Amino acid sequence: MKLSGRSFHLCLMYVGLFAALIVSAILLAACDDAMDESYEKEMALDADLDDSKVDLYVNKNKIWPSTIKVCWEQDGLEKEKGWIKAGLMYSWEAYSSVRFVDFKKCPFMGSPGYYGLRVGIDTSGAGQSYTLGLGNDLNNKSWGVVINSCPEYTTDTGRRLCMASAAAHEFGHALGFAHEQNRPESTCRPCIAGKCMPGETCRNGQCIQGPDGNVTIGTFDKESVMSYCASAHNANGVLSQTDILGATHYYGSAGRLTDSEVFNVDYYLNLYPSLKATFGSDKNRARRHWVVNGIREGKRAHPKIHSTYYLNRYPELAPNIGWGKNLDLNARALFHWMTYGRDEGRIGAP
Ligand SMILES: [Zn+2]
């Protein structure tokens with residue numbers, strides 16, 4: 001690994017926080033029974049995330065406002081920059097109120113007035129993605145977020161997925177979330193003969209990276225986008241349910257997938273009486289249920305688009321929607337509808 005000791009160490013620093021946000025509440029069924037269960041789990045998480053307790057676990061001072069400026073340290077590399085932006089759109093921006101904006105050339109290094117993330121792309125061929133801090137510690141830090149250009153992939157398709165998923169992971173650090181595998185209960189990264197990868201530390205038989213987070217809400221989430229133990233590298237940039245829960249808690253739930261083209265809260269509540277009975281007139285909680293549970297359960301929240309219907313009607317689209325191999329297909333269908341399907345005159349719902 002080419003990464004310098006400093007940057008590597010710093011990247012590792014961020015490992016623990018996000019894990020803490022995680023509740024392992026993966027709901028596979030799309031029936032109403034599952035809905036009740038998912039609601040119970042969401043309620044449990046809400047209890048955990050009661051603001052009076054959050055201070056015990058998270059340094060809220062590291063949380064940005066939900067709109068975060070980003071600038072590029074380099075000119076050019078437009079294709080790669082586009083992949084990074086898309087990776088953010090399909091992850092944190094899809095489900096939470098976070099919006100990364102601006103994307104102009106960074107001001108001269110050291111300019112005191114800039115408030116935002118300074119992002120570089122490592123094209124050295126032997127680089128690595130990392131951040132030089134956690135949350136708004138990264139403010140105006142030169143090359144504070146670095147995304148590897150993924151030269152080990154020979155096709156644009158491979159590099160695109162690699163860079164977009166690296167962006168989801170590294171910008172997760174930028175949002176204040178740390179690596180999942182540092183959690184005390186993690187067992188997925190055992191030391192081998194007491195040794196770990198460069199930059200890691202063996203502790204209690206497990207390889208950890210950097211300082212621990214101080215959020216311990218929920219249980220260990222192996223498939224978090226912030227976990228080194230996810231089935232796919234950087235989880236293919238696909239947020240786990242608990243990633244979404246954490247993001248919505250700290251940044252709000254007005255994700256891109258709550259756009260009026262795909263989400264109507266009144267329609268959602270009227271279509272699912274048990275949700276209405278639970279949430280009443282609390283539309284914020286209903287919206288949060290949609291981004292945390294409803295989308296992945298294939299629920300419907302708009303008269304013109306229902307993800308499961310759309311995917312059944314146009315099965316040829318499924319392999320081509322989105323980039324992440326494991327990206328929730330329902331979410332991809334909704335993005336496809338907003339971006340292409342509606343304008344193409346496709347039928348989104350019965
Ligand atoms: Zn990391």
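User: Which residue in E2 is the bridge partner of Val-70?

Analyst: That is Asp-102 of E2. This is a predicted model, where local features need pLDDT of at least 70 and side-chain atom pairs count only at pLDDT 80 or more, while totals for chains, interfaces and linings use all residues. Residues are numbered from 1 along each chain as its sequence is written.

User: Thanks! How many bridges join E1 to E2?

Analyst: Six bridges connect strand E1 (residues 67–72) with E2, and the two run parallel. Strands pair when DSSP finds at least two bridges between them; strands (E, at least two residues) and helices (H or I, at least four) are DSSP runs numbered from the N terminus.

User: What order do the strands take in the sheet?

Analyst: The five strands go E2-E1-E3-E5-E4, in an open sheet with mixed pairing.

User: And which ones stand at the edges?

Analyst: Strand E2 (99–105) and strand E4 (130–131) do. Each has a single partner strand, so one side of each lacks a neighbour in the sheet.

User: Which helix lies across E3, E4 and E5?

Analyst: Helix H7 (residues 156–174) lies across strand E3 (117–122), E4 and strand E5 (145–148), and runs at about 160° to E5.

User: Switching to helices: at what angle do H8 and H11 pack?

Analyst: Helix H8 (residues 241–251) and helix H11 (residues 283–294) pack at about 155°, and their axes are 9 Å apart. Axes are fitted to C-alpha atoms, for helices over the stretch in contact, with angles from 0 to 180 degrees between N-to-C directions. H8 and H11 are therefore roughly antiparallel (an angle over 145 degrees).

User: Which residues make that contact?

Analyst: From H8, Gln-241, Ile-244, Leu-245 and Thr-248; from H11, Arg-288, Val-291 and Val-292. Contact means C-beta atoms, placed from the backbone, within 7 Å.

User: Now Arg-300. Where does it sit, and is it buried or exposed?

Analyst: Arg-300 is in the loop between H11 and helix H12 (307–313). It counts as buried because it has 23 C-beta neighbours inside 10 Å (the cut-off is 20 or more).

User: What does Arg-300 touch?

Analyst: Leu-271, His-306 and Ala-349, leaving out residues up to four places away in sequence. Arg-300 and Tyr-267 are 33 residues apart in sequence, and their C-alpha atoms are 8.5 Å apart.

User: And Arg-332, buried or exposed?

Analyst: Arg-332, in helix H13 (residues 329–341), is buried, with 22 C-beta neighbours inside 10 Å. Its C-alpha is 8.3 Å from that of Ala-318, 14 residues away in sequence.

Definitions and conventions:
Angles under 35 degrees count as roughly parallel, over 145 as roughly antiparallel, 65 to 115 as roughly perpendicular and the rest as oblique. Two residues are in contact if their C-beta atoms, placed from the backbone, lie within 7 Å. A residue is buried if 20 or more other C-beta atoms lie within 10 Å of its own, exposed if 12 or fewer, and partly exposed in between; C-beta atoms are placed from the backbone.
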